[in-house]
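Thanks for coming, everyone. Please bring the structure up on your screens, and we will walk through it together.

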Amino acid sequence: MTTRILSIRFPYLAMERFMLTACRRRTLLAALPPEEPIVLVEQTAKGVRITAANRAAVEAGAAAGLALNDARAACPVLRVEQADRDGDALLLARLAKAMMRYSPTVAIDGADGLFLDVDGCSHLFGGEAALIADGLARLKTAGFTARASLAPTPGAARAFASFSSKPEIVQEADLRVRIDALPIAALRLDEDRLVLLTRLGLKRVGDLRAMPRPVLERRFRSREAAHSVLLRLDQMTGDIREPIVPIAPPEPCREYLPCPEPAIHTDAIAAALGLLLARLQQRLEREGKGARHFRLSAFNTDGGSSEISVRLSRPSRDIGRISRLFTPKLDGIDCGFGIDAFLLAAAGVETIAPGQVSLVEDGDQQNAADDPAGFADVIAPLIDTLGNRLGPAAVYQLAPVESHIPEQADRRTIPGNTLGWAGWQAAKITLPKRPHRLFDRPQAVEVMAGLPDGPPKHFTWRRVKRVVVRASGPERIGPEWWLPGADKALERDYYVVEDAEGRQYWLYRHGLYSETNETVPIWYLHGLFT
């Protein structure tokens, strides 16, 4: 057993989130004295129950899980507010991301706790005690009450964090001796099983461990109930491994480089990057894969860290290309008092199909122009350079969407994604003529047209009247009847028209002229051809 699990519990998370939210909104709670008893409640199958209470309410007898009527009988001046489970879960997720400064493996434990696998991380903060102290101090500064303990198993770490008033650091050698003194409630069992164990006279975990297992199984109504108790006990002692599910699993493809001496210069960072890229390339090459996203993290001697990343339009393992993208960003790594270690992680790993490289330079250009995939290989370096300088949202390409509505027939996607168009080409789908420029929102125009479905004679757009000399259409596009609410949608009749100056427009009539139709159709300009 080599893992070191840190458990952080937030006994007043829901109440503290409520108070912080109220203060930000400048409600009356911001001016209330701290000794006023306040509880959060929610409706359950057994009536209105208290889900959280501040210290004043707990001292007055209004604890979590108590019925609201019983709490009001004990404390008539109790202030009652509605609980927000979704808000509490969102806050806990944010705290989990903040705790990733101490470990890349952070998992959410129930509604008010976190698990951190800090094995191999504590030395970066001066030891396990210093890591816990730093984490609790930061949480206290942010306004949260937290308890923390560290043990070889998640069950033991949570038990000590929940039932100890001070941080506990438990080593593997004395784990079983330490957990024997814990109350039986530390096993994370439901109420029925705890009641049965208490009636059997088992008050401590040590009492349960000393009891023969066959005897214990006969005390339960079913073998499954007895096994659930023994499972929690074995997970606490480490006889059965209890996995934790991190919120952000580590990338499966990464390389780690410790520094024999602290790195304090950009040249050292560049040298470390080159070495890590070479290692990562060998691994990707063995697996026949490439990656779209590379992230370089640097861990400082003072416990801080910084990172830079690059994104590619297509999966690659080309060291030169990736290194050139990293070079302008190396100044983003903060050397501080020195860097202890580097970590290069690759995400978006995909299989790269082997390809034949032509020996003729002109032939390469010609083949690239004839083959869309090859052409993407030619412009991929330009796309990657622009994307990493301007941001990933600034460079994109359009992919087809199976929709008859023109403004919904495509979507933005990452550059180099040819899968969508490949499917259309394989199906030999021929798209109708569409304008070079399509407005995000069709613009209403005033049109004079023949009834019932004649083409426009002239139209006014942006206060300018344009006379139509040529027109073709209509192309009717009906509503997508298989979607909800399509019964209220109207047909569109599209026309391609040309004015006296040779400019071409794409107009459509929204709705049809009919004697039974009380509303008059409206004309829109949807795009421009020239």
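Start with Arg209 and Asp180, whose side chains meet in a salt bridge at 2.8 Å, N to O. By salt bridge I mean a side-chain nitrogen of Lys or Arg within 4 Å of a carboxyl oxygen of Asp or Glu. This pair links distant parts of the chain: Arg209 sits in helix α9, Asp180 in helix α7, and they are 29 residues apart. Arg209 is partly exposed, at 33% relative accessibility. Asp180 is partly exposed too, at 24%. The cut-offs: buried is under 20% relative accessible area, exposed is over 50%, and partly exposed lies in between, with a 1.4 Å probe and protein chains only.

A word on the source. This is a predicted model, where local features need pLDDT of at least 70 and side-chain atom pairs count only at pLDDT 80 or more, while totals for chains, interfaces and linings use all residues. Residues are numbered from 1 along each chain as its sequence is written, and side-chain values use heavy atoms, with hydrogens and water left out.

Back to the salt bridges. How many does a search of the whole structure find? The count is 26. Take Asp239 and Arg176, with their closest N and O atoms 2.7 Å apart. Asp239 is in the loop between α11 and β9 (253–263) and Arg176 is in helix α7, so this bridge ties together parts 63 residues apart in sequence. Asp239 is partly exposed, with a relative accessible area of 48%. Arg176 is partly exposed as well, at 35%.

Now Asp84 and Arg17. Their salt bridge spans 3.9 Å, N to O. Asp84 lies in the loop between β4 and α4 (85–98), and Arg17 lies in helix α1 (residues 13–24), so the two join parts that are 67 residues apart in sequence. Is Arg17 buried or exposed? Arg17 counts as buried, at 13% relative accessibility. Asp84 is partly exposed, at 32%.

There is also a network of salt bridges. Its members are Arg9, Asp109, Asp112 and Arg158.

Next, the strands. Two strands pair if DSSP finds at least two bridges between them. Look at β6 (residues 113–117): four of its five residues are buried. Strand β1 (residues 5–9) pairs with β6 in the antiparallel sense, over five bridges. There, Ile5 has Asp117 as its bridge partner. Strand β5 (residues 106–109) also runs antiparallel to β6, joined by four bridges. Ala107 stands opposite Phe115 in that pairing. The hairpin of β5 and β6 has three residues between the strands, and Gly110 takes a positive phi near 70 degrees.

Move to an open sheet. Three strands run in the order β3-β2-β4, with mixed pairing. The edge strands, each pairing on one side only, are β3 (47–53) and β4 (79–82). From one strand to the next, the twist averages 45 degrees. Angles run from 0 to 180 degrees between N-to-C directions, and the axes are lines fitted to C-alpha atoms, for helices over the stretch in contact. Strand β2 (residues 38–44) runs parallel to β4, and four bridges join them. Leu40 stands opposite Glu81 in β4.

Then comes a closed barrel. Its six strands run β16-β17-β18-β19-β20-β21, with antiparallel pairing. Strand β18 (residues 464–477) and strand β19 (residues 492–499) pair over seven bridges. In β19, Tyr494 is the bridge partner of Glu475.

Now the inside. A nonpolar core is a set of buried Ala, Val, Leu, Ile, Met, Phe, Trp, Tyr and Cys residues joined through side-chain atoms within 4.5 Å. The largest has 30 residues, and those with the most contacts inside it include Leu182, Leu197 and Met236. Several helices each supply at least two residues of this core, among them α6 (154–163) and α8 (191–199). Which helix gives the largest share? That is α11, with six residues.

Last stop: helix α15 (residues 372–390), where Leu386 lies. Leu386 is partly exposed, at 37% relative accessibility.
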